[in-house]
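I opened the file to see how the chains are built and where they meet. My notes follow in the order in which I looked things up.

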Amino acid sequence: MDEKRIPDDGFLKGDVIRIVFNWLLIVIAAISLLAFLLYGIPALQEIPPTGRTIITNSDELKKDESYKKQITLIKRDIQRLTWRYNSYTSGLSYMVINTTDNLFYLYRNKKLIRQGHCSTGSFKMLKTEEGRSWVFKTPKGKFWIHGKTKNPSWRRPDWSFVEEGLPIPPQDHYSRWEYGVLGDYALSLGDGYLIHGTIYKRFLGMPVTHGCVRMNDDDLEAIFNTLNIGSKVFIF
Amino acid sequence: METERIFKSSDRRAKIIAWIVIVILFLIYYTIMAMIAPARKMEALKSEYCYKQNENNPVDERIFTDSTYLDLLHKKSFLQSRVTMAATDSIYLSIRLSDSTLNLEISGVTVHRAQIRRINISTILSENDNYIILSMLSSPLTISKNFSSIEKEPLMIKMAPKDTSEYVPDIIPDTADFEPVNYIMEMDNGIRLHIYQEDKLKPGDGLYRSLFDIYHSMRYAAKTFWRVITFRVPDYQPYIKLRIPRSDAKIIYRALPEKGQIALYF
């Protein structure tokens, strides 16, 4: 008969507890060390330095002519800068377009006169097997109205055919022209980008366009009547 | 047998004590190096932005301890910074900690305003009576790196159909959007702007924000650690941590260019 030595039950328990306790200590020490490096050190770095500026507000200095001169100079600078900054914002009508939420805001004399939904670029990238690609996004920044058109017609660009799997026709081909799809008015922002109407009104408020800004009929009319050639359009 | 056990036990204890001493010494060295960093940063800023006397317009340097002058300088710096940014046609951000607002502006026109719900700012940046800091803020801060939980431009790639039989019209896009919005913008002068979403749309949003924060804290700690173990003083990056509504955070991140500019007023 094979005789096996069975370890003392008490000894086994004690051993396991000690091992678990040791590992627990190691884990706690590692976490504390990590927390100290991640948060303790940055917190210590934020202890206010000793060399902070001490505000004296010396009365003697205030009586000094050079002090008065410096104060006058800095006040003049502030006035000049304020005037310059305000000169960027004229009282003319302008429009703001929020491409993240697909909203527009129309201003006249710096007052909001109309706001509502619009549709902007879908952020889709159309790729062909031949390696051509187009990104459908509305550009951001400062633009101005380059031209205004009533009853605009749309000259379909190459991507419009590629997107539908159609062969690309010659540049002056009649199939490039479509009528009535841009609504009653169009305002050009340059580089082929337009603010126009849409037949897909249920998509207003969504990012679905190829880069143009689509509007509701009433909003488009108000914008057409408010903005002039040269009016600014801010897109963000 | 008993003697051997006692010897082993005392040997292990000695080893543990030696390790503890090594770790403590390293931590002391690490802490000293890390605490030198803000002073080094301030020295670097001083050498770049300290007042240089002009022979035609000499200035009594006591003026830099005068609150009236510093207050005017504070206003001037902010205005100067905004005028510089407004001269470009780009989108920029004005942070006004004094009235807790973030303004997205283009050429002097405020196109979007967000309310700041919580502010946490480095000590060095909260010194609004320091000539050096005010001078630094007279030119815009330029973003050099972005780290974000959302994409700047959420591009979707679509392959063109070969012919009309393959063409599938676009379906209505899914505008349901609950992605957590947290990001860090690192400026060219080392300042970090952290923007976190304040509202919790989903139960996990708070946890996600913490994980985002821990991940980036680890990244910055790793940088510090590497410099310290190579016997160099780590780079100190002053921070501004803001919590704003999620929708505003998303609008601001998407609107600002990769290398966008920021003006700060506190």
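Predicted model: local features only at pLDDT ≥ 70, side-chain atom pairs only at ≥ 80, totals over all residues.

**Entry 1: chain A as a whole**

I looked up the make-up of chain A and found 5 helices and 15 strands. I then checked its radius of gyration, which is 34 Å, well over the 18 Å that the globule rule gives for 236 residues, so chain A is more spread out than a compact globule. The C-alpha trace of chain A spans about 100 × 90 × 35 Å along its principal axes. Of the 236 residues in chain A, 27% are buried. I also looked at contacts in chain A with a separation of 6 or more, and 60% of these are between residues 24 or more positions apart.

**Entry 2: the sheet of chain B**

In what order do the strands of the open sheet in chain B stand? I read off 9 strands in the order E3-E2-E1-E10-E5-E7-E8-E9-E4, with mixed pairing. Strand E3 (109-115) and strand E4 (118-121) of chain B each have a single partner strand, so one side of each is left without a neighbour in the sheet. On average, neighbouring strands of this sheet are turned by 25° against each other, direction ignored.

Strand E7 (residues 182-187) and strand E8 (residues 192-197) of chain B are antiparallel and joined over 5 bridges. One example is Asn182(B), whose bridge partner in E8(B) is Tyr196(B).

Helix H2 (residues 67-86) of chain B touches strand E1 (91-96) and strand E10 (261-265) of chain B, and its direction makes about 160° with that of E10(B). Helix H4 (residues 205-229) of chain B touches strand E5 (141-148), E7 and E8 of chain B, and its direction makes about 30° with that of E7(B).

**Entry 3: one residue, Ser94(B)**

Is Ser94(B) buried or exposed? I found Ser94(B) in strand E1 of chain B. It has 22 other C-beta atoms within 10 Å, and the cut-off for buried is 20 or more, so Ser94(B) is buried. Beyond its neighbours within four places in sequence, Ser94(B) is in contact with Arg82(B), Asn103(B), Glu105(B) and Ala263(B).

**Entry 4: helix H5 of chain A**

I listed the buried residues of helix H5 (residues 217-226) of chain A: Leu220(A), Ile223(A) and Phe224(A). They cover an arc of only 100° around the axis, which puts them on the same side of H5(A). The face of H5(A) turned away from the buried side carries the exposed residues Asp218(A) and Asn225(A). Among the strands of chain A that the buried residues of H5(A) pack against are E1 (94-98) and E2 (103-108).

**Entry 5: where chain B touches chain A**

How many residues does each chain give to the contact? I noted 67 residues from chain B and 60 residues from chain A. On the side of chain B, the largest share comes from H2(B), with 12 residues. The residues on that side of chain B divide into 35 nonpolar, 16 polar and 16 charged.

Last, I looked at a strand pair across the two chains. Strand E5 (residues 124-127) of chain A and E6(B) pair in the parallel sense over 4 bridges. Lys124(A) has Met156(B) as its bridge partner in E6(B).

Terms used
Residues numbered from 1 in each chain as written. Chains lettered and ligands numbered in written order. Pairing = 2+ DSSP bridges. Axes fitted to C-alpha atoms, helices over the stretch in contact; angles between N-to-C directions. Contact = placed C-beta atoms within 7 Å. Nonpolar A, V, L, I, M, F, W, Y, C, P; charged D, E, K, R; others polar. Rg over C-alpha atoms; globule rule 2.2 N^0.38 Å. Buried ≥ 20, exposed ≤ 12 C-beta atoms within 10 Å, placed from the backbone. Arc of directions from axis to C-beta.
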